[in-house]
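The points below should be read with the model at hand.

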Amino acid sequence: MKSLNFTYLFSILALVTLSRGKFIYSCKEKNTIALTFDDGPHYYTKEFVDYLIKKNVKATFFQLGRFHYPHGIDVKEYQDAMKKAHDNGIQIASHTYEHKISSDKSEFKKSLTKNDDFIEKATGDRPRYFRAPKGHCDNDCQKALDEWDYKLIQWDVDTKDWDLEGSGSAKQRVKDSINILKKSFNEKRDNYLILMHETEEYTVREIVPWIIDESGMKEKGYRFVTVAECLGDKDGMYRSHSSSGGTSHNNSGRCGPSYGSCPKSGECCSKYGYCGTSSEYCGSGCQSEFGHCNKTTTTKKITTTKKTSSTKKSSSTKKSSSTKKSSSTKKSSSTKKRSTKTTKKTTTTKKTTKTSSKKIATSTVSGRCGPDYGACPKSGYCCSKYGYCGTSSEYCKSGCQSGYGLCK
Ligand SMILES: [Zn+2]
């Protein structure tokens, strides 16, 4: 009787596991931490990618084409940041095209393909890893993803960095998220798969630096890796190009973490993952693990030159937003938001900045404001740098978004 019960229990367990689909909640490899970031690319992606590269930290971005405004599909700077991340071994994965999953299977597939097209156009690779918006994926959705060979990634630590309202202020949010992390790091688990959002300034500038520099996890022997690596999935990060049939190493002229070394000896692997022999390939940013390199100038120099050459008017704003951390940055970054929005309609930025405040709609999402939501509905309210309406100095002073409410 006892053994019969056991068999019964076992088959039930097996059924439950099967019908649960293919959600992956945790890493497999020992001493790994997979930092994952949803909802980008956005304002902070470029700065964040540079930071992670500087720190030699790998992570995974679950990105979309059209979600927060301005949309990833429309902004070259965001796409360049995705490419840089990809070429430096940061994993780019899908988070749907518009942050939603259609219950209609063919619609769902269409939107996934659209997002994969977007990611391939930006990075050169199609993702195999996927995270559902808010982690919601019902049985049909799970089955479909399995059929289309996507790996469905959840998390085992939620920093709740998305819940600013629950904490009341950004300062408190950082404290609360760090406390969540401290608690789970104290559990001394084999590995961690951590949910965060690259769209939150405090995540990029405060929570992640705490994890990397202050949590003590690095010192305890943990490594920051991509989800693919923490699962021990060595070459499944992206789909191999169907035409070249087989490994992505066949990509002629390409090199780097996703391609491997340059085939010819003496060739250098450039910072953007191309093989060549000129100083563009062998100089600053050259990836010595994947080919030959000349020892020359620092990386910093090149980054700044690139910044200035790529944009004209806004280059000064951009520089300040990526380097300084002071309150003045916030002001300038919010100006950037509005001017990007307005330049779409007319070419002269100066003219439209003034008129833009008139055109901005009132927010319909309770308590929220900013480029994604609109202006605070009640007069006398300020729109904080994090996009919340309020009247205290936290909302009305440094970083206050004057286009979406009062500022003092
Ligand atoms: Zn999301």
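1. Throughout this note, a residue is called buried when its relative accessible area is under 20%, exposed when the value is over 50%, and partly exposed in between (1.4 Å probe, protein chains only). The model is predicted: local features need pLDDT of at least 70, side-chain atom pairs count only at pLDDT 80 or more, and totals for chains, interfaces and linings use all residues. Residues are numbered from 1 along each chain as its sequence is written, and side-chain values use heavy atoms, with hydrogens and water left out.

2. Metal site. Asp39 (OD), His95 (NE2) and His99 (NE2) coordinate the zinc ion at 2.1 to 2.2 Å. Donors are N, O and S atoms within 2.8 Å of the metal (3.2 Å for Na, K and Ca); water is not among the atoms, so sites may look incomplete. The spacing of the donor residues in sequence is D-x55-H-x3-H. Histidine 95 and histidine 99 are both buried.

3. Helix α5. Helices (H or I, at least four residues) and strands (E, at least two) are DSSP runs, numbered from the N terminus. Within α5, which spans residues 139–147, the buried residues include Cys141, Gln142, Ala144 and Leu145. These residues are on the same side of α5, because they cover an arc of only 165° around the axis; the arc is that of the directions from the helix axis to the C-beta atoms. Asp140, Lys143 and Glu147, on the other side of α5, are exposed.

4. Ends of α5. The N-terminal end of α5 is capped by aspartate 138, with a side-chain oxygen 3.2 Å from the backbone nitrogen of aspartate 140. Aspartate 149, which follows α5, has a positive phi, near 65°.

5. Salt bridges. A salt bridge is a side-chain nitrogen of Lys or Arg within 4 Å of a carboxyl oxygen of Asp or Glu. The whole structure has 20 of them. One joins arginine 205 and glutamate 47, at 2.7 Å from N to O. Arginine 205 belongs to helix α8 (residues 201–214) and glutamate 47 to helix α2 (residues 45–54), so this pair ties together parts that are 158 residues apart in sequence. Both arginine 205 and glutamate 47 are buried.

6. Further charged pairs. Glutamate 120 and arginine 126 form a salt bridge with their closest N and O atoms 2.7 Å apart; glutamate 120 is partly exposed, at 26% relative accessibility. Lys46, Asp50 and Lys84 are linked in a network of salt bridges.

7. Disulfides. There are eight disulfides in the structure, a disulfide being a pair of cysteine sulfur atoms within 2.5 Å. Cysteine 268 is joined to cysteine 282 with an S to S distance of 2.0 Å. Because the torsion about their S-S bond is about 95°, this disulfide is right-handed. Cysteine 268 lies in strand β12 (residues 268–269) and cysteine 282 in helix α10 (residues 279–282), so parts that are 14 residues apart in sequence are tied together.

8. A left-handed case. Which way is the disulfide of cysteine 376 and cysteine 389 turned, left-handed or right-handed? The torsion about its S-S bond is about -100°, so the disulfide is left-handed. Its S to S distance is 2.2 Å. Cysteine 376 and cysteine 389 are both buried.

Notes:
A polar contact is a pair of N or O atoms within 3.5 Å; within protein, one must be able to donate a hydrogen and the other to accept it, and residues adjacent in sequence count only if both atoms are side-chain atoms.
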